[in-house]
Amino acid sequence: MNIKKFITSRDLKIIAYVTMLIDHIGAVVLIHLLGNYGNYNLSMDYNTLFETYTLLRTIGRISFPIFAFGI
């Protein structure tokens, strides 16, 4: 009987790394843009930028449970 694994621990690590990167992009880049919104000529309005920031930070929150599961 051949049992095939669908997601390996390596796959989970890659998913966690990518979601952590997404979280850090939101935490560093977008928070800088939000803080200095008046100094840049952005094509997005403030609400769209804030929603993008919230989305990226929300996606990034999945990385910790995946890393904790891997331990």
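Among contacts in the protein chain with a separation of 6 or more, 60% are accounted for by residues 24 or more positions apart. The model is a predicted one. The protein chain contains 3 helices and 0 strands, and its elements follow the order α-α-α from the N terminus on. Of the 71 residues in the protein chain, 20% are buried. The accessible surface of the protein chain amounts to about 5800 Å², and carbon and sulfur atoms contribute 66% of that area.

The packing of helix α1 against helix α3 was examined next. Two packed helices are described by the angle between their axes and the distance between the axes. Helix α1 spans residues 9–35 and helix α3 spans residues 63–70; their axes come within 8 Å of each other and cross at roughly 150 degrees. Because angles over 145 degrees count as roughly antiparallel, α1 is roughly antiparallel to α3. The crossing of these two helices, α1 and α3, is left-handed.

On the α1 side, the residues that meet α3 are Leu-12, Ile-15, Ala-16, Tyr-17, Thr-19 and Met-20. Their counterparts in α3 are Ser-63, Ile-66, Phe-67 and Phe-69. By class, 8 of the residues in the contact of α1 with α3 are nonpolar and 2 are polar, while no charged residues take part.

How values were computed
Residues are numbered from 1 along each chain as its sequence is written. This is a predicted model: local features need pLDDT of at least 70, side-chain atom pairs count only at pLDDT 80 or more; totals for chains, interfaces and linings use all residues. Side-chain values use heavy atoms; hydrogens and water are left out. Axes are lines fitted to C-alpha atoms, for helices over the stretch in contact, and angles run from 0 to 180 degrees between N-to-C directions. Helices (H or I, at least four residues) and strands (E, at least two) are DSSP runs, numbered from the N terminus. Angles under 35 degrees count as roughly parallel, over 145 as roughly antiparallel, 65 to 115 as roughly perpendicular and the rest as oblique. A crossing is left-handed if the near helix is turned anticlockwise from the far one by less than a right angle, and right-handed if clockwise. Contact means heavy atoms within 4.5 Å. Ala, Val, Leu, Ile, Met, Phe, Trp, Tyr, Cys and Pro count as nonpolar, Asp, Glu, Lys and Arg as charged, and the others, Gly among them, as polar. Buried means under 20% relative accessible area, exposed over 50%, partly exposed in between (1.4 Å probe, protein chains only). Accessible areas come from the Shrake-Rupley method with a 1.4 Å probe; for residues, only the protein chains shown count as cover.
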